[in-house]
Amino acid sequence: MVGRILAVYSAWCEVASGSRTYRCLFRGRLRKGESAEIYPGDLVEIEESGKVMAVKKVLPRKNLLVRPPVANIDRAVIVTAIMRPEADLAAIDRLFVHLESQGIEGSLCINKSDIEDPEKVNELREIYQKAGYPVDVTSAVTGEGLDSLKERMQGGTSILAGQSGVGKSKLLTALLGVGLATGELGRTGRGRHTTKGVTLFRVGESGFLADTPGFSKLEGVECEPEELSYYYPEMADLVPLCRYPRCLHKTEDPCAVREAVSDGRISPQRYANYLKLLEESLERMKRKYE
Ligand SMILES: Nc1nc2c(ncn2[C@@H]2O[C@H](COP(=O)(O)OP(=O)(O)O)[C@@H](O)[C@H]2O)c(=O)[nH]1
Ligand SMILES: [Mg+2]
Ligand SMILES: [Zn+2]
């Protein structure tokens, strides 16, 4: 039987398989230290061993987020507000670029809809929808938009990301409050043991959400200058149409990306942040070869 690890303790872990949650012991090699390299989110084979369930082996993982450790992340929801705190579009785009480069699906969640200006909410929503990202508008206080966000998290493991103060913790509570109705926490007796790190919670039928935000300390963009536009979904398809093979879409003329900016197919805010991240990447290259 295959399942997904929800939480890791020193000698055992909690594994979700189908609609059930199993407490599984680490045995043999897994017990002798290898369990230190098993993380929440890992897919494992489990089997009955005597009267208990045990982890037989860990399946290969598709990615591993290190701070905090979570394996096999399918999507990250980037949470933002509008004015409280002020949305940092450059930071949001840096996160999206990072997710694209890691093959992790991204979506935007504009939170605090109960106190933010609806017109500004719509402006921000349009920028990211035009770029090709799904956008949810939520309020962790009134519950607006939480069903749709929950729906987006079905079929895989999600993590919340975004700057401090945007409401990630409050959203988690609000989303998991829904999950708690199943009584799962009571059954597994969580709280009496200490997990090693992150815990994944079920959200709806087939979604999992990490209880700790990820990607919070992302600094520079790590990709090559020529690579960057491929991580902008609204630019990627245009790049092959640029005249110059290593076009950076900066001052080159003609350039398919810059044409799309002038006729409004690409939003000026996204393009301005592209140029900012491009400078960072060029700067990094320069330092590397000095
Ligand atoms: N009005 C309103 N306040 C919110 C909402 N979500 C979070 N907050 C408040 O914003 C502040 C920061 O929230 P928190 O969840 O700690 O943000 P985090 O730093 O991203 O985890 C807290 O005072 C929350 O009560 C929301 O949807 N509406
Ligand atoms: Mg928090
Ligand atoms: Zn170009």
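Strands (E, at least two residues) and helices (H or I, at least four) are DSSP runs numbered from the N terminus. This is a predicted model: local features need pLDDT of at least 70, side-chain atom pairs count only at pLDDT 80 or more, and totals for chains, interfaces and linings use all residues. Residues are numbered from 1 along each chain as its sequence is written, and chains are lettered from A and ligands numbered from 1 in the order in which they are written.

S13 pairs with strand S12 (residues 200-203) in the antiparallel sense over four bridges, where pairing requires that DSSP find at least two bridges between the strands. Phe208 of S13 is the bridge partner of Arg202. The two strands S12 and S13 form a hairpin with three residues between them, and Gly204 in the turn has a positive phi of about 70°. Strand S11 (residues 156-161) runs parallel to S13 and is joined to it by three bridges; Gly207 of S13 is the bridge partner of Gly156.

## Overall architecture

The protein chain has nine helices and 13 strands. Its C-alpha atoms fill a box of roughly 70 × 45 × 30 Å along the principal axes. Of its 290 residues, 39% count as buried. Among contacts between residues at least 6 apart in sequence, 67% join residues at least 24 apart; a contact means that two C-beta atoms, placed from the backbone, lie within 7 Å.

In soluble globular proteins, nonpolar side chains tend to be buried together. The largest nonpolar core in this model has 74 residues, and Cys13, Ala76, Ile78 and Ala161 have the most contacts inside it. Helix H2 (residues 89-102) gives the most to this core, with five residues. Such a core is a set of buried Ala, Val, Leu, Ile, Met, Phe, Trp, Tyr and Cys residues joined through C-beta atoms within 7 Å. Beyond residues up to four places away in sequence, Ala76 touches Leu99, Ile104, Gly106, Ser158, Ile159, Ala161, Gly214 and Phe215.

The buried residues of H2 are Ile92, Asp93, Arg94, Leu95, Phe96, Val97 and Leu99. Their cover includes strand S8 (75-80), strand S9 (105-110), S11 and helix H9 (268-289). Gly103, with a positive phi near 70°, follows H2.

Helix H3 (residues 118-131) has 14 residues and should span 20 Å at 1.5 Å a residue, which agrees with the 20 Å between its end C-alpha atoms. The expected span is 1.5 Å times one less than the number of residues. H3 is followed by Gly132, whose phi is positive, near 105°.

Tyr271 lies in helix H9. Tyr271 is partly exposed because 19 other C-beta atoms lie within 10 Å. Apart from neighbours within four places in sequence, Tyr271 is in contact with Val261 and Ile266.

## Ligand 1

Of the 14 residues around ligand 1, Ala140, Gly167, Lys168, Ser169 and Lys170 come nearest; a residue is near a molecule if its C-beta atom, placed from the backbone, lies within 6 Å of it. The shell divides into four nonpolar, six polar and four charged residues. Ala, Val, Leu, Ile, Met, Phe, Trp, Tyr, Cys and Pro count as nonpolar, Asp, Glu, Lys and Arg as charged, and the others, Gly among them, as polar.

Technical notes
A residue is buried if 20 or more other C-beta atoms lie within 10 Å of its own, exposed if 12 or fewer, and partly exposed in between; C-beta atoms are placed from the backbone.
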